[in-house]
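Work through the exercises below with the model open. Each task is followed by its solution.

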Amino acid sequence: KGKTPRRPGQKKASNIEKDPVGVYCRIRPLGAEDEECCVEMISSSTIQLHAPDGLKANRNGEYKETQYSFKKVFGINTTQMELFEDVAKPLVDDLIHCKNGLLFTYGVTGSGKTFTMTGSPGEGGLLPRSLDMLFNSISPFQAKRFVFKPDDKNGMEIQGQVDALLERQKRDSQQSVPKTPSSRQKADPEFADMISSEEACKSENVDEDCCYSVFVSYIEVYNNYIYDLLEDAPFDPIRPKPPQSKILREDQNHNMYVAGCTEVEVKSTEEAFEVFWKGQKKRRIANTQLNRESSRSHSVFTVKLAQAPLDADGDHILQDKSQVNVSQLCLVDLAGSERTSRTRAEGSRLREAGNINQSLMTLRTCMEVLRENQMCGTNKMVPYRDSKVTHLFKNYFDGEGKVRMIVCVNPKADDYDETMLVMRFAEMTQEVEVARPVDRPICGLAAGRRHRNQAFRDELSRHLEEQGGPSNADDPVLLNQLIESLPALPSCELVDPADDQTLPRLIEVLERRHRIRQMMAEQFNKTASSLKSMLQQFDSQLNAKETFLHDQRSKLDERDKVIINQRMELERLEKKSKTLEYKVDILQKTTDMYEQDKRSLQHELETREQRLQRELSERRRMEQRMQGMVTDTKLKWEKECERRVNAKQLEMQNKLWVKDEKLKQLKAIVTESSNCGSSGPIERPEKPDRPSRERDRNIAQKRSASPSPLPTAPPVHPTHRRSHSAGGEKWVDHKPSSNLDLDTVMQPMIPNAIKVSTPNEKALSKCHKYVLRHQELASDGEIETKLIKGNVFKTRGGGQAVQFTDIETLKQECPTALSRKRRSGSAEGPAQMEDIENRAPVASTSTSHGYQK
């Protein structure tokens, strides 16, 4: 089977080059000169839509002029030939070079889609011009009929010359099988003058070493069903049968095709026209309110080109199925979108319009999803299967090929709303990209085989002519010369039955003739072999020389390019050098000006820096002086605030004591009144004395935040022992971080001490003694420092424990607190109060219970 090499599988490489869908616009002329026009051609690639006056009045003038851009815009004066040159001709070139193509027309009903695709007598459309260009290009290189044969699975089989001849004889002998139209028959008059001889064109660079065959098929999609327009169904006038719909299938290369579709092999433009016209007569059209001949279905005319290379001798087609390449060009005439409110369709026409609009909506949806997947990197599923049209052309958008769309526009004001929708769809379609078709693999045989074979035949004929032999067996003159060169035949008349000389002489002459003929045949074969070997040798030498010349030309071209590039670079550098010299002069002058400005500015900067240094030094002196004043004031107010806070605390404690005494007296009065009947007269209780300073100190000690030591050893009188801190043992000096530093003369000095802010097991394991510096507020508002001492010993669990044994109290008093002490003191005498006030700060020793001595 013939495979199409450019169509890959579903998994494609990520680095495939892509091209956007080519969208063109064609504007048809207005039906009448007095009609309102809503489309204006701005440039060769831009059109502008104007809202009709009535629509502006109804919509409060909200519609504005909108512009849309296309690859190219064709105005009302564009001819069919100009349109073909720009749109369809590159697709036919790609078809000949084994690349697929899809061309479809899109637009509102009555916008000229069918005219653009088919045309009219004297103005052939894109379809007949494409066929004419194809046959003009490959006509000398076509294979005979039935050499290529479709395999009904979207592939091609290649047959030998004998099988093809048998197929042709079978076709000619079976009259019941309908024949394809012959190119020798008279063409249909409606298509006879579609293309003039002046407008005929052909493709360049056609591979002459290949043989070509063209197959055409014609289908329509009606109400989302596929029908074959070239199918010859038997006609039953009594019980006519409706045409059978076809189904879509996928071939081994993941390309969609219509199963069971008729593919007709055609050999000329006229024959292809007749096949097209045969199907066109079956296409469904109807008369609607908007179009007299409105297409009620989507038509797809497929031109399939099969080609295979010639063998090494250039005589016959290479019998290698893997070398058969099949390419196709699909020409699609889509039915126009329409609004039933305008066409006033009913019944079957209403159903047709609904199916047409639904298939076109599916086409728009597929384009939108494709654009979103390509622009946003998403992987949404494209709904190809929702419509037969999109499902049939799925491989063009997911695979490879060139896709082009012609948007036909009717500029009349009645179609403004539909035209706006068509413009938006066209604008969105231009953003969809399709994989660029790749070139087919090159055959390994030498190029120019057909030309060399023809040259060999011509040389053989010339050589035979020089030797007096026949160069053409069909030429009677050469045949007579050949007969005359043979020995003359004797008289063959027999007059006597006993004549035994005539027949032997005739036999001898015939034998001599036969020997001469054999000698001539042998000489001919030898000459042909020698000439063939000589031609092959010349061919190899010519190929080598051509290769050498090609290499030399390529090297020469490369060197010419290098020289041209170097000259251009030299000119560019010279211009750049002159420009730079001019710039250097300007920059030199500018630099001198800037240097003068720099010196003046630098002198001014130095002056300002000196002034700034003086101001900074003055500011630092001022900051230091102000900082000293702020520090002194801060210390002064901190001490004053601390004194006031202590005085306030003492005042509140005195008030609390007075309230407690009053409460006790009240309680005593209540108790006395309740017991007066039984006990008789009771003496009035004495006024309770206020507790001494020692009680206040004890209460303050109980309210302290630090833990109170527990009595663990018998008390020792402090006057009969030394302080434990004076010994030579090693101490753990625990001073909490919350303690305040008192600037007193007497400070506890402990030698061999490890000072810590938080006791830990490591420090305790290295020492035998422990002391805690605890500060609390005394009743007179001053701060007392207590040294809580103890012994460190090991526990059974391996840890360290402390047994507290003694407490030393360090206290300081302010001699200016006389008036306050008189107001808040106890009932002690003046002498005792004077003694306390004039006393300097002392360190007193207390017992393990914490009572002050």
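**Exercise 1. Which residue in E4 is the bridge partner of Glu40?**

Step 1. In strand E4, Glu40 has Gln48 as its bridge partner. Strands are DSSP runs of E, at least two residues long, and helices are runs of H or I, at least four, both numbered from the N terminus.

Step 2. E3 and E4 (residues 46–49) run antiparallel and are joined by 4 bridges. Two strands pair if DSSP finds at least two bridges between them.

This is a predicted model, where local features need pLDDT of at least 70, side-chain atom pairs count only at pLDDT 80 or more, and totals for chains, interfaces and linings use all residues. Residues are numbered from 1 along each chain as its sequence is written, and side-chain values use heavy atoms, with hydrogens and water left out.

**Exercise 2. Why is the pair of Tyr106 and Phe425 tilted?**

Step 1. Rings of Phe, Tyr and Trp (its six-membered ring) pair if their centres lie within 6.5 Å; planes under 30 degrees apart are stacked, over 60 edge-to-face, the rest tilted.

Step 2. The count comes to 7 aromatic pairs. For Tyr106 and Phe425, the ring centres are 4.7 Å apart and the planes stand at 40°, so the pair is tilted.

Step 3. Tyr106 lies in strand E7 (residues 101–107) and Phe425 in helix H12 (residues 416–429), 319 residues apart.
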